[in-house]
Amino acid sequence: MTATLTDFHYGAVTPVISYLMACLGSALGLRCTVRFMRRGVQQSRRIGWLTLGAVSIGCGVWTMHFVAMIGFSVNGAVVEYDTRLTLLSLAVAIAVVAIGVFLVGYRGARPAVLGTAGLITGLGVAAMHYIGMAAMDAGGTIRYDTVAVVLSVLIAVVAATAALWAAVSVRGLWASLGASLVMGIAVTGMHYMGMAAVSVHLEHAGTSSQSSVGLMSFLLAMLAGPVAVLVLAAVVVMFDPEMVLGNDEQTRAVRPSTGGFTPEQSPSRVSHRYEGP
């Protein structure tokens, strides 16, 4: 028999929180890439900012998926997850986002580069989603509607391309926040389109129609690490005034090529010696 499914077992709580997590990851990623693009930043720190941005976006996308899955329910079955596949989906999310971010970060947003990076990242995000679904045991056979799956993959590719373009093009704080809201809609839309493709066929229906306490504990434990990473990234961003304010004038002022002083050349550190007449 075909089971009755719902993505909103707890009402609007899970879709709203999942959307906010997608927005948070996107916003942090955008602000980190802004810092990467600034002048006067050491190469090692540039790589660090870009890595943090990729991890933030990847964790945001993955967290969005599994927060949304808390609200997924199969009438007549208890949903369970395979730990290894769940962690693999997290690794895939971070890896493909990193590939895309580093490509556009170092190669620019030329159409060919942006298209390649967007395709790789979009397909990877879709793979993350379906690996996460493969980790799920819904007590029966899971089937997918081909058209809905294709649409979800297309949405993922478009969303990834737009996100990567924004990562190297958006500079201001408010522009970054606005872009992250749009990106959150795209990523969350991709998830629910993918879920619309799902049907579950049960051989023996039970009486359970919601997630067990054990499942909730598992998902919360899985979410703890990525959420902690996002919180840490937020703290790093908040304690970097230039990145928050989106103002790189101070950074430019200390570059020797601008004719200004480097920190070592500041007037307070210049000593004068009398050479005589």
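**Overview of the predicted model.** Buried residues account for 45% of the 277 residues in the protein, which is shown here as a predicted model. The chain forms nine helices and six strands, and among its contacts between residues at least 6 apart in sequence, 85% join residues at least 24 apart. The accessible surface comes to about 13,600 Å², and 67% of that surface belongs to carbon and sulfur atoms.

According to the unreviewed UniProt entry, the annotation "transmembrane region" covers several stretches of the chain, including residues 113–135 and 173–193. In the model, residues 113–135 are 96% helix and 0% strand, with end C-alpha atoms 33 Å apart. Residues 173–193 are 100% helix and 0% strand, and here the end C-alpha atoms lie 30 Å apart.

**Close-up of the largest nonpolar core.** This core has 59 residues, and those with the most contacts inside it are Trp62, Met69, Val74, Tyr81 and Met136. Several elements supply at least two residues each, among them the helices α1 (13–37), α4 (111–134) and α7 (213–238) as well as the strand β6 (198–201). The largest share, twelve residues, comes from α2. Leaving out residues up to four places away in sequence, Met136 touches Met69, Phe72, Val79, Glu80, Tyr81 and Ile142.

**Close-up of helix α5 and the elements around it.** The 24 residues of α5 should span 34 Å at 1.5 Å a residue, and this agrees with its end C-alpha atoms, which are 35 Å apart. Among the buried residues of α5 are Ala148, Ser152, Ala156, Val157, Ala163, Leu164, Ala166 and Val168. The buried residues of this helix pack against α1, α3, α4 and α6.

Apart from residues up to four places away in sequence, Arg171 touches Arg31, Val34, Met37 and Ser176. Although Arg171 and Leu30 are 141 residues apart along the chain, their C-alpha atoms are separated by 8.4 Å.

**Close-up of helix α6 and its buried residues.** The buried residues of α6 include Ser176, Ala179, Ser180, Met183, Gly184, Val187, Thr188 and Met190. These and the other buried residues of α6 pack against α1, α2, α4, α5 and β6.

**Close-up of His191 and the residues it contacts.** His191 lies in helix α6, and because its relative accessibility is 1%, under the 20% limit for buried residues, His191 counts as buried. The side chains of His191 and His65 are joined by a polar contact of 3.1 Å. When neighbours within four places in sequence are left aside, His191 is in contact with Met64, His65, Ala68, Met69 and His129. One of these residues, Met69, is also among those with the most contacts inside the largest nonpolar core.

Key:
Residues are numbered from 1 along each chain as its sequence is written. This is a predicted model: local features need pLDDT of at least 70, side-chain atom pairs count only at pLDDT 80 or more; totals for chains, interfaces and linings use all residues. Side-chain values use heavy atoms; hydrogens and water are left out. UniProt positions are given in the numbering used here, feature names are shortened, and annotations may be inferred rather than shown by experiment. Helices (H or I, at least four residues) and strands (E, at least two) are DSSP runs, numbered from the N terminus. A nonpolar core is a set of buried Ala, Val, Leu, Ile, Met, Phe, Trp, Tyr and Cys residues joined through side-chain atoms within 4.5 Å. Buried means under 20% relative accessible area, exposed over 50%, partly exposed in between (1.4 Å probe, protein chains only). Contact means heavy atoms within 4.5 Å. A polar contact is a pair of N or O atoms within 3.5 Å; within protein, one must be able to donate a hydrogen and the other to accept it, and residues adjacent in sequence count only if both atoms are side-chain atoms. The expected span of a helix is 1.5 Å times one less than its number of residues. Accessible areas come from the Shrake-Rupley method with a 1.4 Å probe; for residues, only the protein chains shown count as cover.
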